[in-house]
Structure formats: structure tokens, C-alpha cells
Amino acid sequence: MSSVNIFQTGKSGLFASRSQLATTGHNVANVNTEGYSRQRVEQVTAPPSQIGTTVFGTGTKIKTIHRVNDEFVTKQLSREAKLMGQYEEKDLAMTQAEAVFNEINNEGMNRLMSRYFNEFRKLGNEPESEALRSTVRETSEQLIGDFKRIARSMNDIQKNIDIRLESSVRQTNEYVARIADLNHQIKTYEIHGGEAADLRDSRDLAIKKLSNIADVEIASNERGELTISLRDAGPLVSGSLINKLYLNSSKADVASGLPEGSMRVYLENRSPPEVTSKLKNSRLGGLVEARDKILGEARKRLDELAYTFATKVNDVHRQGFNLNGSTGMNFFKQPKQLEGAAELLSLSDEVKADANNIATALEADSPGDNRLVQHIAKLQHSKIMSNGTSTFDDHYNATVADLATVSQKNKQFMEHQGHIVAQLEKLRESISGVSLDEETTNLVQFQHAFDASAKVIKVAYEMLDTVLRLRG
């Protein structure tokens, strides 16, 4: 009986060492796998065997194979990933916007507007000059061109954000479907106990990447299934059930400065389904904030500048007389609405057709009268923007300064957040990462244990053979 127990004891040691060697090999193979947590074999003594009053040990057995993982650090990483995604998306949009508003080659909006009024002042010195009128018209076209350039560039940035928004929603739905599938697989594998370590690592990685894209909240039940919800909006995953996001284009929104066709985000099986305003933090939140709030406000302020500028110049210009003896003409085409005023700004048909239709006088048949020109020139320094608190230049400069301030603060937050995420990654790596030195040491240890167990079986065989020979 004792020899049989020795066989079983040796066999259990062989199997245990084999499992440990296999697990160590699995760790080494996944040393560069993203999100992998090193695994350890939990080994316990096998139930003893009693013969008479003597209790014999029967070897060992594998209780479970578990992953070395700190749930608190994992949750922290997911939480901090949200903010990192938000700051990165805002930084990209702000960098593009800053390039649009940069004063390049001394031909930015400020300088072109100053030149516009200065050319009017020159015309005031020679109000009867047709050449100076042509110069005023040409300078006006340059200013109009810059309004259009900025407006179209801002529109392009917002459209690019819509493309990135569409990509982020698609990725969100992919991660949601993957997490739901992993929930089902983990439940199936763990129904009889044990831990599906690799599947849980895959799920944690998917949650981390999902958290970078969407601001989600995570809860688990007693069976280990996760419920993931979009914060303040509704569930995305509940066990193996999913609820997807989708996009639809919207009408132009003057209040938020959004152009026609901007994408809005919706959640299936929710009433009301739109969740655009609920998106905070994360990449989705950063995209929506950059498009709707930051760039939308800048675009709206640019339209306000173009609308007020054209309207005020027209109000003065209609009062004057041109070289053709006509009056009541607009200098610019009068904008019909605030939305899109910058992009639609253009000279009136009369001024575009004939520079002599530019008015300079307050009285008919007075080619030397420059009083109207002086009134137009005074508009440059008049506080007619922002309810009479700023000039055209002040309004434009404040718009650029606000963008620069938001961009700089966001860069600082992004740099700080990057340090936090890097520290958490290092902490997780120190806890869950695979150390090749440690695993190599384990391989030698488990190999020796395997060899020793094999030696036990060999000795037991020799003992049994000796007993059988004695009986023979």
C-alpha cells in the first residue's frame, strides 16, 4: 500500500510541476502582450490517507491558476484614461485652430482690417480718385477672402471632428460587443469555479480602451458579470446584452455655432435617444466639447464680427453719394442672418461691378467731399461689438486669445495627465507585469521539482520490483 502511495505522490508532483512549467512558459510567451497579467499556479497538499493510526500524505494538487492583478490599480487606469483621451482630442483640435488664426506673413485678419480702413483714409485725401477706389475694392476683397478662409477652415476642422466622432462611436460599439462576449465566455468558463485569467485580462484591456473613448461607469454582480453604463445616459453592456451608440446629422445650430450636417450622438433603447450633451471627459467628450463649445463659440464670434462689420459699414455707406451721383447703395451684400455671415461675406453687386459706386460724399455732386469716408474710418475704433464694449480688433483679438488660453491650459492638463497615466502603468507593470528574470528562475525551480518527482516514481518502481522479486 505504501508503494502505491509513493507512486501517487510522485505522480501528483509531476503534474503540479508540469502545470507550473506550462504556466511559466505562458507568462514568458506573453511578456509583450498588452494588458497581460502574469499568472501563478496555486498549489495545495492533497487530502491525506490513513492506514490504521498512521496518516500518510498523498502529494499535492493544483487548486487554481490565478492572475496577479490589483483591481484598484486597474480601475484607476481606466478612470485616468478617460481624461487623457479628452485632453488629446482637444489638443488636436486646438492645434489645428491655432494654425488657422495665426498671423502669417503679416496678412492676418487684424492687418487686413487695418489696411481696409487705412485705404479708406487714403481715399479721403483724394475722394475723386478712381484709382484709390479700385485699391479700396481690392483691399476689401482681400479682407473678405480672409473671413472666408477662416470660416471654411473652422468648418473643415469641425467636419474632421465629425469624422473622428464617427470613428470613436464605431470603436465604442466594437468594444461594447467584445466586452459582452467576454462576459459570456467568462461566465461559461468559471461556472464550475476557477478563474479565466486570460479572458479577464482581455476584458480589462477592452474596458481600459473603452474608457479612453467614452466616460463609462462599471459595476459587477455576484457572478462576475459586468454592467457598463455611459455616465448619466444609460447602459452599454449588461451581461451579454448590448446597447449601441449611433450618429445622425443635425441642422445648423446658431446658438452653438454648429454648421449644417454636424453629427449628433444617440443611444439605442433610450428615451430621448440623443446623448450628445451627456458626453463628458474621454475622447467622445473631448470631441464634442472642442467642436460644439470651443470651436463653435469661435466660429460664432467670427460670424458676429463679419455680420456687424458688414452691417455697420453698409449703414454708413448707404447715406453717401458716389462718383456716379447715386446713393443708398450697400458696400457689402447685406448678410441675411448671423449664421454663416463670415463665409458668405461679399461685396455688393454695385461695388463689385464699378469701383466708382464706392460712396465718399455726404452731398450729391461733391467729388471733393470726404465726410462719408471719415465716418467709415471712425468705425475702426468705435466700440460697437459685444454690446458696445469692444472694437472690431478687440473682438477678434479676444477670440484668438480665448482659443490660445484654452489650448495652453489643455496642454498643461494633458502633460500632467500623461504623467499620472505613466505612473499608474508602471505601478501595474510592477504588480502584474512579467519579469523574465523571475520567470527564468521559476523555470529552473520547477524543472528541478519535476525531475525530483520523476526520481520518486523511479525509486517507488524499484522498491515494488524488489518486493515482487522476493515473492517470486
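Trainee: Why is Lys63 called exposed?

Mentor: Lys63 has a relative accessibility of 57%. The rule is that exposed means over 50% relative accessible area, buried means under 20%, and partly exposed lies in between (1.4 Å probe, protein chains only). Since 57% is over 50%, Lys63 counts as exposed. Before we go on: this is a predicted model, in which local features need pLDDT of at least 70 and side-chain atom pairs count only at pLDDT 80 or more, while totals for chains, interfaces and linings use all residues. Residues are numbered from 1 along each chain as its sequence is written, and side-chain values use heavy atoms, with hydrogens and water left out.

Trainee: What makes Lys63 and Glu42 a salt bridge?

Mentor: The closest N and O atoms of the two are 3.7 Å apart. A salt bridge is defined as a side-chain nitrogen of Lys or Arg within 4 Å of a carboxyl oxygen of Asp or Glu, and 3.7 Å is within 4 Å, so the pair qualifies. Lys63 sits in strand E4 (residues 60–67) and Glu42 in strand E1 (residues 39–45), 21 residues apart, so the pair links distant parts of the chain. Helices (H or I, at least four residues) and strands (E, at least two) are DSSP runs, numbered from the N terminus.

Trainee: And which class does Glu42 fall into?

Mentor: Glu42 has 28% relative accessibility, so it counts as partly exposed.

Trainee: How do you know that Arg283 and Glu89 form a salt bridge?

Mentor: Their side chains meet at 3.0 Å, N to O, which is within the limit, so this is a salt bridge too. Arg283 belongs to helix H6 and Glu89 to helix H2, 194 residues apart in the chain.

Trainee: Are these two buried or exposed?

Mentor: Arg283 has 17% relative accessibility, so it counts as buried. Glu89 has 4%, so it is buried as well.

Trainee: What about Arg371 and Glu363, how far apart are they?

Mentor: The distance is 3.3 Å from N to O, and the two side chains meet in a salt bridge. Arg371 is partly exposed because its value is 34%, and Glu363 is partly exposed because its value is 45%.

Trainee: How many salt bridges does this rule give?

Mentor: The count comes to 31. Some of them join up: Arg67, Glu71, Glu195, Asp201 and Asp204 are linked in a network.

Trainee: Why do we say that the buried residues of H9 line one face of the helix?

Mentor: Leu372, Val373, Ile376 and Ala377 are buried in helix H9 (residues 371–378). Seen down the axis of H9, these buried residues fall within an arc of 140°, so they line one face. The arc is taken from the directions from the helix axis to the C-beta atoms. They pack against helix H3 (109–125) and helix H6 (282–317), where contact means heavy atoms within 4.5 Å.

Trainee: Why is Ser211 called buried?

Mentor: Its relative accessible area is 1%, so Ser211 is buried. Ser211 has its place in helix H5 and touches Ser78, Ala81, Lys82, Val216 and Ser282, leaving aside residues up to four places away in sequence.

Trainee: What makes something a pocket in this analysis?

Mentor: On a 1 Å grid over the protein atoms alone, a cavity is a set of points where a 1.4 Å probe fits but cannot get out, whereas a pocket is an open set with protein on both sides within 12 Å along at least five of seven lines. Lining residues have an atom within 4 Å of a point. Grid points are joined across faces, edges and corners, and the volume is the space filled by probe spheres set on the points. The largest pocket holds about 440 Å³.

Trainee: Which residues line the largest pocket nearest its centre?

Mentor: Glu71, Lys75, Ile207, Ile218 and Leu226 do, out of 20 lining residues. H2 gives the largest share of the lining, six residues. By class, the lining has five nonpolar, five polar and ten charged residues. Here Ala, Val, Leu, Ile, Met, Phe, Trp, Tyr, Cys and Pro count as nonpolar, Asp, Glu, Lys and Arg as charged, and the others, Gly among them, as polar.

Trainee: How much space lies in the second largest pocket?

Mentor: About 290 Å³. In its lining, H5 gives the most, with four residues.
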